[in-house]
Amino acid sequence: MKIDKKAVIEQLNRILECELAGVVRYTHYSMMIFGYSRIPIVAWFRAEAAESLTHAQQAGEMVTRLGGHPSLAIGPLLETHEHDIGQILRETLEAEHVALDLYMRLLKLVQGKNVALEEYARGLIEQEEAHIEEIDKMLRKPGEVQISAEERHIGEGSGKGRSGGGRPAKTTSRSR
C-alpha cells in the first residue's frame, strides 16, 4: 500500500506549525517563571523549547523528503495571561495533548504503509506521552501519587481545544 502523500505532507506541516509554536510558548514561559524554584523550571522550559525546535526541523525534513514545501506558519499560541507556575503547567499539558494528537493522526496515515514515517511517528508519540506524564507529576502536590485532576480531565477527553483551567484560554495565532 502507498501513503497518501498529500495528506501526510499536510499532517507533517500541522506538526511543524505546532512544534514552532512550542518553541515560542516554552521560551515565553521560561521568562515568566518567578520564585524559589525558578532556576530548574526555567532550564526545563528552555530545554523543551530546544526540543520543539528539533521536532519542527524533523517534521520539515520529512515534508521535503516527500516532495512537499514546509509551512512558514506558526500554530496557535495558548495564552491565559495567568502566569503562576500551576497555570503555565496546565497550559503546557494542554499543548502536549494537542501535539500527541497530531502525531497519533500521522501514525494512522502511515501505519503499515511507510516504515520510516511510522517509526518517526511512534518515536514522537513516545516522547509526547513522556512529556505529559512528567508535567502531570509536576502538577501533583508533594506525596500525591494519583494522576493530577488536570490530566484526568484532559486525558479522558480528546485533548483538543480545551483549556485545562477554569477560564477559557485566549488563543493567538500567526498568519501564514
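I took helices (H or I, at least four residues) and strands (E, at least two) as DSSP runs, numbered from the N terminus. The model is predicted, so I noted that local features need pLDDT of at least 70 and side-chain atom pairs count only at pLDDT 80 or more, while totals for chains, interfaces and linings use all residues. Residues are numbered from 1 along each chain as its sequence is written, and side-chain values use heavy atoms, without hydrogens and water.

Entry on cavities. I counted as a cavity a set of points, on a 1 Å grid over the protein atoms alone, where a 1.4 Å probe fits but cannot get out; lining residues have an atom within 4 Å of a point. I found one cavity of 30 Å³ or more. The largest cavity has a volume of about 80 Å³, a volume being the space filled by probe spheres set on the points, with points joined across faces, edges and corners.

Entry on the lining. I listed 14 residues around the largest cavity, and Glu 19, Tyr 26, Ser 52, Glu 96 and Glu 128 lie nearest its centre. Two or more lining residues come from each of α1 (5-31), α2 (38-65), α3 (85-110) and α4 (115-139). α1 gives the largest share, five residues. I sorted the lining into four nonpolar, four polar and six charged residues, with Ala, Val, Leu, Ile, Met, Phe, Trp, Tyr, Cys and Pro as nonpolar, Asp, Glu, Lys and Arg as charged, and the others, Gly among them, as polar.

Entry on α3 and α4. I read a packing angle of about 160° with axes 9 Å apart, the axes being lines fitted to C-alpha atoms over the stretch in contact, and angles running from 0 to 180 degrees between N-to-C directions. That makes α3 roughly antiparallel to α4 (over 145 degrees; under 35 is roughly parallel, 65 to 115 roughly perpendicular, the rest oblique). By class, their contact has 18 nonpolar, four polar and six charged residues.

Key. 1 Å grid on protein atoms, 1.4 Å probe; cavity = no way out; pocket = protein on both sides within 12 Å on 5 of 7 lines; lining within 4 Å.
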